[in-house]
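I opened the notebook today to look up strands, helices and aromatic rings. Here is what I went through, in order.

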Amino acid sequence: KMKYKDISFENNYLVPNDLLNIRILVVDDNTSAREVLQGMLGSFSLNSSAVDSGQSAIEEIKRAINNKEKHYDMVLMDWLMPEMDGYQATKLIQQDQEISSFPNIVIVSAFKKEMITQKASDIAASIGYLSKPVSASTLLDTILKNCGRELEKKESENTKNSIDLISTISGSHILIVDDLEDNSEIVKEILEQRGIVITTAKNGQQAVDAVVNAAKSNAQFDAILMDIQMPIMDGFEATQHIRNMVGTKLLPIIAMSASAMVQDVKRCLEAGMNDHIAKPIDVQNLFTTIVKWVKPKTPNTEVTRKQDNNNDKQKFDIAIANLPGLDITTALKSMDGDKELLIKMILRFPKNNATTADEICKAIEENNFSNAQKLAHRLKGGAGNIAANDLSFAASEIEIAIRNGDFKKCNSLLQPLTQSMEIVLQSVKILYEKT
């Protein structure tokens, strides 16, 4: 059985051997944020420690020096922290006479780099910057750049050829289980373009029924992509039911979830799932993971993918120009370059999400934090699908605050949420008028 530590974060990148001995300090008042960063660093075989405040960071750096331990080479410093923020902590570290070996300091923040530079103009030239939400590739890219290196892809067959390898399982039958139509629609269209037959289910009970019906007709799914948080029956319970059926022990069940903490992945594997794919979906990771578990087949038909002509490209470029709140490059990559699909998903975003920010505000006002957390989780995924990064991050902050029992913090997080939503909805309106 695969251990959760082996798959918590997909590591498709090479760290130069001479950098494997660097020591990194993670500074963030949010427990979950610290765990995520340390999990990513661990996947790169990089040594890290973590503290929860700027003052603790200063003390830890000095402690390592005083105890003649290896000094910290880099600090990943959260920008917004109570009592002492990242700017104040960075200045104190740089001015402290007891710190003989200054670490590289990288500010981690959801604020734009320009805003950080404006406030921290006196230290801007000596610090790095890492944008939230943090991905494994951007984290490693930032670390390497601050060490004077460049990001380098692994020369592994799975990484280099994941897109080519997906063609080897053309004709496979995969069940996608997700209560949100937008989530399943993106994965469905991407995989169908690769010749994979798709069946969808909207909750765990429908998934169980689909597996039973397939067995009755002497057929079987080649894999199941299973969402976790769903009504009627969640992904954990559905997996247990499926695993109790005859002939399903070897059926690959792959979790698809926006909850990608180490403990979340571990729970998926303990429930009987084989692997985990984080949302929003990264196409290369999707392909690599599926190919890892699904046996190659003889393709039933020749697969023809959509091809763009110059007119289509020009129309697309005009349509997506000047859409604040949306990272079009990232969104297009997550949809395997399918421009029609991207425009369709952006235009469809309001259908399931337009009122969600207001619903979250109302739920928090009524102290219905359980419902607010569910809504924030759903919005985080929906916004992530179209790379509305600021909105996704704002929803994530509320979800994490509620999960940690920090209910007082929620009120201060509502304004960024509603402002981000207004920006995204305005961009959707602009796109609609253009198309």
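Predicted model: local features only at pLDDT ≥ 70, side-chain atom pairs only at ≥ 80, totals over all residues.

Strand β5 (residues 104-109) pairs with β6 in the parallel sense, over 5 bridges. Both belong to an open sheet of 5 strands, in the order β3-β2-β4-β5-β6, with parallel pairing. I noted that β3 (47-51) and β6 (127-131) are at the edges; each has a single partner strand, so one side of each lacks a neighbour in the sheet. Neighbouring strands here are turned by 25° against each other on average, direction ignored.

Then I checked the helices against the sheet. Helix α1 (residues 31-43) lies across β2 (23-27), β3 and β4 (74-78), and runs at about 175° to β3. Helix α5 (residues 136-146) lies across β2, β4, β5 and β6, at about 170° to β6.

On to the rings: my search of the whole structure gave 2 aromatic pairs. Trp79 and Tyr87 make a tilted pair, 6.3 Å centre to centre with 55° between the planes. Trp79 is buried at 5% relative accessibility, and Tyr87 is buried at 16%. For Phe369 and Phe407, the ring centres are 4.2 Å apart and the planes are at 20°, so this pair is stacked. The pair links distant parts of the chain, 38 residues apart: Phe369 sits in helix α17 (residues 369-385) and Phe407 in helix α19 (residues 407-434). Phe369 is buried at 14%, while Phe407 is partly exposed at 36%.

Last entry: Arg23 lies over the face of Tyr72, 4.2 Å from the ring centre.

Technical notes
Residues numbered from 1 in each chain as written. Heavy atoms only, no water. Phe/Tyr/Trp six-rings, centres within 6.5 Å; stacked < 30°, edge-to-face > 60°. Buried < 20%, exposed > 50% of the residue type's maximum accessible area, 1.4 Å probe, protein only. Helix = DSSP H or I, 4+ residues; strand = E, 2+ residues; numbered from the N terminus. Lys NZ or Arg CZ within 6 Å of the ring centre and 35° of its normal. Pairing = 2+ DSSP bridges. Axes fitted to C-alpha atoms, helices over the stretch in contact; angles between N-to-C directions. Contact = heavy atoms within 4.5 Å.
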